[in-house]
Amino acid sequence: MQLYRIEMDDSITPLIVHPATAIFGDTEGAVYPGYGHAPLATGVRAHDWSPDGKRLFYVVLDAAPQATGVRHGEDVVIERARRRAPGTATASIYLRSEGRDTLIATRPNNDITTFFERNFVRWTSDAVLFNVTDVDPEGRSRVVTMAWSFAAKTARVLDTLAESAQAIGPLGGQLSSEGYGDRRELVEAMTGGARHSYGHLPFALDGRAASGVRSADGKRSIVGVRMLDNPRFGLIVLEPGRLRTIGGAFSLNDCDFTISLSKGACIAQSQTQPPAIAEIDVVSGRIRPVASVSPRHERLSSLRVEPRTWTNRHGNKATGYIIWPRRYVAGQRYPAIVITHGTDADERFANRENQWEYPAQLFAERGYVVLLINEPSARENAEVWAARLAWRNETKAVAPETMRQLIWLNGVASYEDAVMELVGTGVIDQARVGIAGYSRGSQMVNVTITNSSLFRAASSGDGGYLEPAFYPDVSGSYDAVFGGPPTDPVALMHYRRLSPSLRADKVCGAVLQQVAAPLVPSIDFHTALRKAGVPAELSLYPGDDAASDETHIFHIPSNRLGAMQENIAWFDYWLLGERDPNSPYADRYTVWDKMRDEAPRHCGTPLPLKN
């Protein structure tokens, strides 16, 4: 990855070319293996222009030599379950101005913000602000904001949380969304403590939305937001004494604007609208598509996709969508599949973070009612937010039993109640309900099927969090959730109440795990399921070669296709009793038959009959 300038006459000029010595991605020997990226030789990691176009912030990576010699203690522990040690690198952050490049920071390998996430660069009249991750003396990670002064040519760490906000308002202050529930207060905090409120609004600032920008004259700011009812991304335009929204049926992401912020371009898309480049007239708010990204997808006849907000038995709300079968007939009951991955169900087209290898549209075409369901909002109320903060910050501020209820069982209640609402209206056949999710969704699938008797089939993609065997890798996180290691008798009680492998005998359906690497937590869960007599399949998808694993996102096209085909075969078999002789997984039917015949019948509803 390098950086080039493409001129209006189509000429291409190298802008920043840096030796691509650091391999970034989820592969053995790469920087940050396990973070879900395809292997990629990286020279330029990120860049950002100042609003006036006169300064360029950019990050380059340099691989460090592979460590040799004997290693001890924690340096050995981190290599657990790896065939080869992870690579290391340093990140150099530069500022280009008036044709000169100035090194403004050098960051170590443990700065996840610089290496993996976004620095959230913000420009002021006298400094450039950017986020980095520091590790405190106790080993906890925290995100802080640094400011490089153009005049002093030095960097300092900003002191207050308000200064670490990700967008700057027209008054020159930091913008933040505050409060809980369906409406969040948009606040601009100025230096000196003054605060200006734009009111309680049905949207919030969100790191996945378009980055905030401010005009060179400081009279206008444009900030990306996420709506709270029907999750889609839009823009707000802030001017002194005035706030306007730009958006509508489509989500607007990946935006850029002219220096004056009068015109812009964004990617416009939705659940049924493929991505298109759209021109944004900031003054009028008009959105005009100018180029299709995928004309082939636009020719498809879209399915009916209905946005929904569900309120579970605890009063907490979860947003999402129902994808209806193409030939849906009112009064007829249908099989159903719940798909989840955290909070990624929104107005983006076939977004892999939500669907992963679960082809939601194909399931609907095959007659399933598909529910794309987000977790209940972390900002639903102060109690839920406190639990999320304790989990994220790895503290013991919230009791493990409260954590279990507010973060995991709260989500289980949302999935169950969403399904039962449609059972009650005669839409869903309660005996034919499945659930699927990857990553965070995999974690929720594993907890759901070990705490609910509703789901007859499940597909869990590349998860394993909450398993006792994972403690050495995420000890701080587990201490917050369980109160300590599984070797602590008091903490062990909490593992028994939440860890899926310790609750395998509670499962009422068949469980498929699709994994990118043979990691111990997934294997432990599978082993526990089989020992409990639960029908369970564990499928390991291969890497690029014998010395590497597939990545968390399944970047290899043949694996992605195969995982989708396996999911179709799996749910059709366990929910419909159907077997396709042309399926690439047809040879597994005899294995599944045997598991089905040996499965205990302790959940009240029999598994589907063989055809």
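Select arginine 379 and tryptophan 385 first: the charged end of the arginine sits over the ring of the tryptophan, 4.5 Å from its centre. A charge sits over a ring if NZ of Lys or CZ of Arg is within 6 Å of the ring centre and within 35 degrees of the ring normal. Next, select arginine 55, which lies over the face of phenylalanine 150 at 3.7 Å from the ring centre.

This is a predicted model, in which local features need pLDDT of at least 70 and side-chain atom pairs count only at pLDDT 80 or more, while totals for chains, interfaces and linings use all residues. Residues are numbered from 1 along each chain as its sequence is written, and side-chain values use heavy atoms, with hydrogens and water left out.

**Aromatic rings**

Display the side chains of Phe, Tyr and Trp. The whole structure holds 25 aromatic pairs. Tyrosine 328 and tyrosine 334 have ring centres 5.2 Å apart and planes at 35°, so this pair is tilted. Rings of Phe, Tyr and Trp (its six-membered ring) pair if their centres lie within 6.5 Å; planes under 30 degrees apart count as stacked, over 60 as edge-to-face and the rest as tilted.

Which of these tyrosines is buried, and which is partly exposed? Tyrosine 334 is buried, with a relative accessible area of 6%, whereas tyrosine 328 is partly exposed at 25%. Buried means under 20% relative accessible area, exposed over 50%, and partly exposed in between (1.4 Å probe, protein chains only).

Now select Trp391, Trp408, Tyr465, Phe470, Tyr471, Tyr478, Phe482 and Tyr495, which ring pairs link into a cluster.

**A loop**

Move to threonine 425, in the loop between α7 (400-424) and β30 (428-438). Threonine 425 is exposed, at 56% relative accessibility.

**The whole chain**

Finally, zoom out and switch to a cartoon view. The protein chain has 13 helices and 33 strands. Helices (H or I, at least four residues) and strands (E, at least two) are DSSP runs, numbered from the N terminus. Along its principal axes, the C-alpha trace of the protein chain spans about 75 × 65 × 50 Å. Of the 611 residues in the protein chain, 51% are buried.
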